[in-house]
Amino acid sequence: MMVVLSGLLAASLAIGLPVGSAYADEPTDGTGAGTSATEVLDSLEVKGRAPKTGYKRTQFGKAWADMDHNGCDTRNDILNRDLTGVRHKWRTHNCVVKSGKLHDPYTGKDIKFKKGKKTSTAVQIDHVVALSDAWQKGAQKLSEERRTALANDPYNLLAVQGRANQKKSDGDAATWLPSNKGFRCEYVARQIGVKHKYSLWVTQAEKKAMAKVLSSCPTQTVPDYTGVKDSTAEKTTESEQTEQTQTEQSAEQAQQTQQTTQAPAPEPAPAPAPAPQPAPQQDVYYQNCTAARAAGAAPIYQGQPGYRSQLDRDHDGVACE
């Protein structure tokens, strides 16, 4: 027995493991979870950004694939994880999120989410390490299966404010950081974990920006969890949801009954004629997503010039992802 222990101790010292470490205790997901974020950052390769040539969203597989085979797409998996007070669309087996509330880690603001063509984009799912950034820093050398895993990895996904996600675009830590300064350490540490897991590199400017953030939190470790650590609000249970839905239906029926028994209200005075509107801006039209990407317009968010529902395959308010 002593010989075996001596052998393990010698092996641990030889590969640099601290005395007392056991192989079973080491992170197995490849992120470096639980290790100093600064140490993991120093282990990443530092190289220049590769050309974006050949990048397409389809290089990372089908958008929001059901990777865990639970019958629910990745987008709704993340909404279910990150939102509180979640209510689901009927007959979707508690998959499709109809409404809920997000405490946005990027801005620190609370956002009410309601599914719909004009409202869904208020909350978007962000790739913490943007796919375009990943493509230019090693992902193009990965297999398509591995890239699909990266695009749908819950460790690399957060539900965030839509406007903040659009401002970030495909930026790295050298070009964009969350306005919520209290989340920057965790954000940078998660980017480091993702890059370590998928063997992606960082640029010199990116590493410098990350190190600067981590200098304010020297004990920050690479996260060993998905989602946001300080999200403590409880989820609405299925029974609570059913009760809430029945209550709302009863209230709606009572309101309709009351409206039918009340005398009609007098007609309002005619509204003044509206002021003349300026001529509408010339429409932007892209025949397909290939044309949109060639023009540098992709992704196109609902409400932006060039957005058409025909280009939004998963109907989440974001076309040509």
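Biologist: Which residues does Asp153 touch, not counting residues up to four places away in sequence?
Modeller: In this predicted model, Asp153 touches Lys197 and Tyr198 once residues up to four places away are set aside.

Biologist: Where is the place of Asp153? And is Asp153 buried or exposed?
Modeller: Asp153 sits in the loop between helix 5 and strand 5. Its relative accessibility is 9%, and it counts as buried because the limit for that class is under 20%.

Biologist: Which residues of helix 5 are buried?
Modeller: They are Arg147, Thr148, Leu150, Ala151 and Asn152.

Biologist: And what do the buried residues of helix 5 pack against?
Modeller: Their packing partners are helix 3, strand 4, helix 4, strand 5 (157-161) and helix 7.

Biologist: You mention helix 3. How many residues of helix 3 are buried?
Modeller: The count is 8 of the 9 residues, so helix 3 is largely enclosed by the rest of the structure. The buried ones are Thr74, Arg75, Asn76, Asp77, Ile78, Leu79, Asn80 and Asp82.

Biologist: Which elements do those residues pack against?
Modeller: The buried residues of helix 3 pack against strand 1, strand 2, strand 3, strand 4, helix 5 and strand 5.

Biologist: Let us take those strands, then. In which sense do strand 1 and strand 2 pair, parallel or antiparallel?
Modeller: Strand 1 (residues 84-88) and strand 2 (residues 97-103) pair in the antiparallel sense, over 3 bridges.

Biologist: Over how many bridges do strand 2 and strand 3 pair?
Modeller: Strand 2 pairs with strand 3 (residues 110-114) over 5 bridges, in the antiparallel sense. There, Asp110 in strand 3 is the bridge partner of His103.

Biologist: What do strand 2 and strand 3 form, and which residue in the turn has a positive phi?
Modeller: The two strands form a hairpin with 6 residues between them. In the turn, Gly108 has a positive phi of about 80°.

Biologist: A change of topic: how many salt bridges does the count come to?
Modeller: The count comes to 12 salt bridges.

Biologist: Which residue forms a salt bridge with Lys52?
Modeller: The partner of Lys52 is Asp170, with the closest N and O atoms 3.7 Å apart. Lys52 lies in the loop between helix 2 (37-43) and helix 3 (74-82), and Asp170 in the loop between helix 6 (162-168) and helix 7 (184-197), so the pair ties together parts that are 118 residues apart in sequence.

Biologist: What is the relative accessible area of Lys52, and what is the relative accessibility of Asp170?
Modeller: Lys52 has a value of 41% and is partly exposed. Asp170, at 29%, also counts as partly exposed.

Biologist: And Asp126: with which residue does Asp126 form a salt bridge?
Modeller: Asp126 forms one with Lys168, the closest N and O atoms being 2.8 Å apart. This pair links distant parts of the chain, with Asp126 in strand 4 (residues 123-127) and Lys168 in helix 6, 42 residues apart. Both Asp126 and Lys168 are buried.

Biologist: How far apart are the closest N and O atoms of Glu206 and Lys137?
Modeller: They are 2.7 Å apart, in a further salt bridge. Glu206 is in helix 8 (residues 204-214) and Lys137 in the loop between helix 4 (131-135) and helix 5 (144-152), 69 residues apart. Glu206 is buried, with a relative accessible area of 0%, and Lys137 is buried with a relative accessible area of 0%.

Biologist: Which residues do salt bridges that share partners join into one network?
Modeller: The network joins Arg49, Asp133, Lys137, Asp172, Lys195 and Glu206.

Biologist: On to the largest pocket. How many residues line it, and which lie nearest its centre?
Modeller: The lining of the largest pocket has 29 residues, and Tyr55, Ala298, Pro299, Tyr301 and Glu321 lie nearest the centre. The space in this pocket is about 750 Å³.

Biologist: Which element supplies the largest share of that lining?
Modeller: Strand 4 does, with 4 residues. Strand 4, helix 4 and helix 6 each supply at least two.

Biologist: What is the lining of the largest pocket by class?
Modeller: The lining has 12 nonpolar, 8 polar and 9 charged residues.

Biologist: Finally, how many helices and strands has the protein?
Modeller: There are 10 helices and 7 strands. Of the 321 residues in the protein, 41% are buried.

Key
Residues are numbered from 1 along each chain as its sequence is written. This is a predicted model: local features need pLDDT of at least 70, side-chain atom pairs count only at pLDDT 80 or more; totals for chains, interfaces and linings use all residues. Side-chain values use heavy atoms; hydrogens and water are left out. A salt bridge is a side-chain nitrogen of Lys or Arg within 4 Å of a carboxyl oxygen of Asp or Glu. Buried means under 20% relative accessible area, exposed over 50%, partly exposed in between (1.4 Å probe, protein chains only). Two strands pair if DSSP finds at least two bridges between them. On a 1 Å grid over the protein atoms alone, a cavity is a set of points where a 1.4 Å probe fits but cannot get out, and a pocket is an open set with protein on both sides within 12 Å along at least five of seven lines; lining residues have an atom within 4 Å of a point. Grid points are joined across faces, edges and corners, and a volume is the space filled by probe spheres set on the points. Ala, Val, Leu, Ile, Met, Phe, Trp, Tyr, Cys and Pro count as nonpolar, Asp, Glu, Lys and Arg as charged, and the others, Gly among them, as polar. Contact means heavy atoms within 4.5 Å.
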